Every structure is written in C-alpha cells, then in structure tokens.
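Thanks for coming. I will go through one structure today, starting with a term we need and then moving from the whole to the details.

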Amino acid sequence: MRRKRSGWLAGVGFVAALALAAASEGQTRSGSDRPGSILMFPKVVRSASRDTIVQITNTGNSVNYVHCFYLEGPQSQAANAACQAVDFELVLTRQQPTQWRASQGRRVSPGDAFGSPQAGYDPGLIPPLPQGFEGALVCVEVNSNGEPFGQNRLKGEATIVDDGTGDVSKYNAFALAKSGGDTDNNLNLDGSDYETCPATLHLNFSPWGSLDPVIEDFGNANLNSFISTNLVLLPCDLDFRNGTRTNGTVSFLVRDEFESPFSGSFPFRCWTSIDLGSPSSGLSQFRSTLLTGGAIGTIFAQAQLTPTRPLVGVAESFHTDQAGVTGAAATNLHTSGSANATVRLP
Amino acid sequence: MRKEDRDMDGQRKSRLVFSLGCLVTALALMSSASVAQKVTSEEPAGYLVFPKIVVDPSGGLNGTPRDTVIRITNTDGNNPRIAHCFYVDGTPRCSIGGGLDGFGACRTNEDCAPGGICAVRECAVINFDLTLTPGQPVGWRASEGVTTTGLCDGTAAGLPCSSDSDCPGSGNSCVQLGADDFGRVPPLGPGIFIGELKCVQVDRTTNITAGPGTPVNRNDLIGNASIYAVTPADSTVDVQSYNAIGVQAASEDGTTQGDTSMNLSDSGGEYAGCPAQVVVNHFFDAADLGGGRTVQSDITLVPCSEQLELNTVFSSVLQILVFNEFEQRFSTSTTLGCYRESRLSNLDRRPGQESTSIFNVNVQGTLAGQTVIRPVLSGDGDPGNGILAVVEEFHRTGNQRRSAAFNVHWRGSKNQADTVSY
C-alpha cells in the first residue's frame, strides 16, 4: 500500500516538476517588453548636446540587488580595439523605479528636495559619464553578496535627449530572463540558465537619403528632406571578467517595395554603431537611389540581419527638412529565432 | 490464477497506465511550452495591433499638423501573405455641434457647442486588405492611404503616384508597382482621426464577394508606426515611433482557422492570451528633467476583445497602482470602452486639475514612477477585458515640443479569454 502511494506521489511529483519546468520555459522568453534578470541597453550616448536618461524599475515585491556595467564603445576603428567597462551597484526596494542622467550619474544624498532630479531612495552611487561616451549599459540581478540571483523583476528604458534642439527618442532595454541552472558568474544564455538571445534581427527602415513623405507635404522640404538611420548592435557574448572582445560578421538581406533583394555583410565588434547607407559605412545596399551609388528606389525597406554570434540592437531614425531641422525616433529591433551566448561577470 | 497474482497484475497494469498517463501529460506540457506564443512588440505575429494612429492635417488638436506613417512587412521571404486590416475610429466627438475640424472632433467639452459633451461613443470601423509579396515591406501615410498604383523615380524617388504628372520635380516618372501592388488603403480624413489599426493574417482575398479572408495559423507580420508633428512655421520636425503589438497565433502550421472569430487565450486559444497586467515606467507629469525640459506622458489603451464592424462597445474597469521612488504606493481606477487616449494626469483628475493627480510630480515628489494597470475581469468571459497599450512622452523645452513613443511591458497571463470577431 505504501509502495502504491509512493508511486502515485512520485508520479504526481514528476508531472508537477515537468509542468513547472514547462511553465517556466513558456514564461521566460527574452525580449524588450517583459521584465527579466539581465537588462541590456544597447545605446547610451553622452555628447556635447545629447544625453541619455536611464530608467530601471524593480517590478517585484522584495528588495533587488543589481550589478551594472557601462561598456564604452571602442575608441578607434582598429580591429583589436577593446571596449572599456566600468561597473557600479544598485539596490532597489520593492517596486522601486529609479532614474538618472548619464552625464550626472546619481549621488547618495538622502536630503534631496521634493521633486528634485535625485529625490527618492538613493539606489546607490552611479558614476557620471564623460562627454564623448558612446556605448551600452548592462545590468544583472544579483544577491546581497553580489552573486547572480535571477528574479526576473527588472525592466528598463533609455531616453536619449538633445539639450540643444529639445529632441527626444526612447527605447526599451532588452531583458533576458533567468530560467534555472546555477548561480556562478558565467551567465549561460542557453535556455537552461538564462533565456537565449535572438538569432536574427529584423529592421524596418528608410534608405539613407530617401525623401520623407510627411516632411515633403507638411514641412520645409521641396524634395530636399532626408531620412537616415543609425543602427547600434551589442553582442550578447560579453566578457566583463577578462575584457575579451566579441567580434564577428553580420550577413544581411535588404528588400525594397519592389521585392528587389540586396545582400552583403559587415563586421561587428564589442559595440558597433553604423549609419546605415552613409558613405562612411560603405553599405550602398542601404542607400537611396537619390544618392550616388544608392540601390533602393523606395522609401520603405526591410533588412534581415543574421550575425555569426547573437546580437541585440536599437535603430534610431533621423528625419531632416531642408533647413536642417531634425526629429529623431528610436525603436527596438524585431527579432526571431534563438542563439546561445555567455555573459561572464568578474 | 491466484487472487494475489490477479491483484499484483492489476496493480502492475494500473501503474503502467498511470506511468503512460504521466508520460503523455509530460510530453503534452513540454510540447505546449516549446510552442508557447505570446503578445509581443518585437516578434513576427499573425495579428498586429497599432494602438495609436493620428491624422490631423490642419493642426486642430494642438496647432501642429500631424500624420502617421505605417509600415508593415511580410517576414516570410518565400511566400506571399495577405492581411485583412481594420481602422478603428476612436476620435472623441461632440454630442452636438462644434468641434475642431468641421466633423465634430474634440479634446474636451469646451471644444463643443454649449452643452455639448466630448466623448468616444462608438468606434466605427473601415476595413481593407493588403497582399504582400515574399519579404515585401510596405508603408503609407495614414492621411493619404494608398490610392495610387506606382512610385516616382528620379529626384522624387519613392513618392506615391499613378502617372508621371503625379511626380514632383522635373523629368521624374512614375514606375508602376505591377505585381508588387499591395492593394488600396482608404485615406483617413479630411478631418481629425485618432484611433487604431488592426491587421489579421488571412487566407485569401481573391473572391471579394465571398467575404473577408479567414485567419490563418501563421506568424509572419511585423509593423511600426511613426507619428509626425511637422510645420515649417516654427521649424518643428517631431517624430515618434513604436512597434506594432503582435499577438502570435498558437499554431504555425499554415492551416486556415474555422471562422472569423479569433480566440485569444493561453489555454487552448487560437492566439496568445492578452496579458494580465500592463507595466509602464514613466516620468511623473510636469517633472523637470534638467536643461529646462519638462515632460508629460499620454497613454493609449485599447481592448483585446472587439466585435469589429458591429460597433459593439464593451466597457472594462481598470485598476491602477502607482509607485514612486520612495516605494510609496497609490491606486486609482478608470474605465475603458472601445478606445481611450489620456494624459496620465487625466486618468484620475479632470482637465485643469492635473497638478493634484497621483501621476503628477507635485504630488509624488520624485521624477520616475512605475504604473501597473490591471483589467478587472467581468467573470463571464464576454468580453475578456484584456487591454493593450502604448505610451507617448511629450517634452517641452522653451517653445519646442518634442515627443517619443515607446512600447509598454506585459506581465502575467489572464485566465479569461478574449475574442476578436469580424
């Protein structure tokens, strides 16, 4: 009788465990519209006029410790140029949102005035970024000892502001959920430890130099409006322990409204920023026929990007009238498929 | 056979049956997990929702002409795909005369004739079809739709045309799209339009008299919307973009569904279920972000359940929790009919009372907040009460007004299905 009951219990336990595992697998897919355990902000800029406001929120009902890394893009075009990382830690109380300007960071100053930029519980000391910084921000949930501890409660946004023109663009951080596995400093984005990264990226874009139909109609244009797109890519393989670079190649297939396909490839490094179709990019497949060497005769196009190692990215389009007045808009890239990667913490 | 042997044999059989049951159940669970689909703003899907489309060519809403550029792409590079689309008109209109555009569109009661009420009463629907060739990206201005058959070349490359005379500039000609013509899209206007666009991947449109196509089990569509505010008068070029919300079909076997009623549920539905909660990170309205920059946010909410073309308006109650950077919690509630676009501070306060809203920095004292919106389930499953949303931030620096849109976050799964029918 006891054997019979233990068999039942074992069976029920087996099914329950699989059900939990299945439910966990179903709920923890990576993306930019669900909380996760690793946040990747591919584009953080601080220039003379542009700055980035970072927002991170703990969506859970218990305290959340977070270890963050600013990853600065390579300072030169040399193939072996490295990405410098600077880290800091945050402590977010339950449901706490926090924010800071990248140029200012955040001080620990409990006496901030009501409604002032640093009012609220101080999440920790956040270093300011110097002028000229272009790179990424990566944050990982940890426990009070600093060991990776996935709770899948982090979400984030980045707001890129231009203090010269007043312009603004915004995107969501890419979140990778913890799915099980160990708690060592090798974060395996393989579906068993953390969720995987996307294998393919999809970009809806307008080719470099194409006309903007709305500015042509409403604005100051006379066939002189101009659309351009900046694409930023961040590898999912990140080695903060050894500072090892992740290099590779992105193969792309571009299609316009006439269904004409254009293909090619370009290299990516530890952080890559490309003005798609610009003369400096060398990628005429992303350029309008309005410009010399351009390939695309339509305003609407799509690119399918397949990297040799998984990437996440953000696109920012710039829409300019003939007087040079520009409006920018950022979007998260569309994704498909899955690919494994590893984030190594110090 | 002895009784003990028969009992033992029976126990073995029941254990075997139970083990097989466990195995089948486990395999079914693993299988369902491996194909689990979701509501997503970044993966291809079979049902796209653009919660906010704005057309205001005369600038009646805030003085600056506005328009929306819509992009939809077939990510299947090998097969043509068809989408059946609906514009849903959520423009608030005056109950009696007045309004901003000659068609009764309004922002508040003050825009209407004395005694008039400004509200969204019914959400009228216009539908059309898109036929996308393999891998084809298409786009159009919502105010103009697609009423032409080609695209200009030369110095007017890409602008829509039907004949050479439509192309501005000298010497430019009109290149006919031919087999790449994806269909006609009705223009919105000439007045103000605020509403949503929904597109369902369907099987066919060749026999128009047979009615609209039936949804198919595929996930091939992605989309973006860019909302413009442009005027040369004060050198404004303001562009904001967001990704269409994709509701993925549960199966991707390419088969045609049984009818034009789409069941959205994580428990055996034809599409992924709408989430239990919407989570929004935002700045509190009137927050000073430095550099003389102040901010306010608008949220657009649309229901997951809709009877398109029947103009049936379901009403849902939304419970809202707000947290500031001191971990302090506030709550409020509001309602959603067929469409709701609102400044955050007007979710709990009337126009003119924004400074006392729980979404205002003058109340919260910190710049950043987190808002969780949960639809209250009606219990009978009709409607399902699910919601989708997108948020816009409006930044003001001196006289400049610029904006950005972003997709919200989703959390959890409802135990009540939503239904979209047409």
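A nonpolar core is a set of buried Ala, Val, Leu, Ile, Met, Phe, Trp, Tyr and Cys residues joined through C-beta atoms within 7 Å. Keep that in mind, and keep in mind too that what you see is a predicted model.

The largest nonpolar core here has 200 residues. Which of its residues touch the most other members? They are A:Leu39, A:Met40, A:Val138, B:Ala83 and B:Ile387. As background, nonpolar side chains tend to be buried together in soluble globular proteins.

Take B:Ile387 from that list. Leaving out residues up to four places away in sequence, B:Ile387 touches B:Cys274, B:Val278, B:Leu301, B:Val302, B:Pro303, B:Cys304, B:Ser316, B:Leu318, B:Leu336, B:Ile373 and B:Pro375.

Now the chains, one at a time. Chain A has 346 residues, and 56% of them count as buried. Its secondary structure amounts to 2 helices and 21 strands. Among contacts in chain A with a separation of 6 or more, 72% are between residues 24 or more positions apart.

Chain B has 422 residues, of which 55% count as buried. It contains 2 helices and 28 strands. For contacts in chain B between residues at least 6 apart in sequence, the share joining residues at least 24 apart is 69%.

How do the two chains meet? In the model, 85 residues of chain A are in contact with 87 residues of chain B. On the chain A side, helix α1, residues 2-27, gives the most, with 11 residues. That side of chain A consists of 31 nonpolar, 37 polar and 17 charged residues.

Chain A has a mean pLDDT of 89, and 90% of its residues reach 70 or more. However, the pLDDT is below 50 over residues 1-28 of chain A, a stretch that has 28 contacts in the model beyond near neighbours in sequence. Where pLDDT is low, the predicted coordinates should not be read in detail.

For chain B the mean pLDDT is 89, with 90% of its residues at 70 or more. Where in chain B is confidence lowest, and where is it highest? It is lowest in helix α1 of chain B, residues 3-34, at a mean of 47, and highest in strand β2 of chain B, residues 47-55, at 98. Over residues 20-35 of chain B the pLDDT is below 50, and this stretch has 16 contacts beyond near neighbours in sequence. For the complex, the predictor gives an ipTM of 0.90 and a pTM of 0.91.

Next, some strands of chain B. Strand β27, residues 409-413, has 4 of its 5 residues buried, so the rest of the structure largely encloses it. Strand β17 of chain B, residues 275-283, is joined to β27(B) by 4 bridges, and the two run antiparallel. In this pairing B:Pro275 stands opposite B:Ser413.

There is also an open sheet of 3 strands in chain B, in the order β16-β28-β20, with mixed pairing. Why is one side of β16 and of β20 left without a neighbour in the sheet? These two stand at the edges, and each has a single partner strand. β16(B) and β28(B) pair in the antiparallel sense over 4 bridges. Opposite B:Leu264 stands B:Asp418 in β28(B).

Another open sheet of 3 strands has the order β10-β9-β11 in chain B, with antiparallel pairing. Here β10 and β11 are at the edges with a single partner strand each, so one side of each lacks a neighbour in the sheet. Strand β9 of chain B pairs with β11(B) over 3 bridges, and B:Leu151 stands opposite B:Val175.

Last, some backbone details. Most residues other than glycine have a negative phi, and most peptide bonds are trans. A cis peptide bond joins B:Gly189 and B:Pro190, with omega about 20 degrees. B:Pro190 is in the loop between β11 and β12 of chain B.

A:Glu259 has a positive phi, near 70 degrees, and lies in the loop between β14 and β15 of chain A. B:Ala286 also has a positive phi, of about 75 degrees, and is found in the loop between β17 and β18 of chain B. Is B:Ala286 buried or partly exposed? B:Ala286 has 19 C-beta neighbours inside 10 Å, so it counts as partly exposed; buried would take 20 or more.

How values were computed: Residues numbered from 1 in each chain as written. Chains lettered and ligands numbered in written order. Predicted model: local features only at pLDDT ≥ 70, side-chain atom pairs only at ≥ 80, totals over all residues. Contact = placed C-beta atoms within 7 Å. Nonpolar A, V, L, I, M, F, W, Y, C, P; charged D, E, K, R; others polar. Buried ≥ 20, exposed ≤ 12 C-beta atoms within 10 Å, placed from the backbone. Pairing = 2+ DSSP bridges. pLDDT = per-residue confidence, 0-100.
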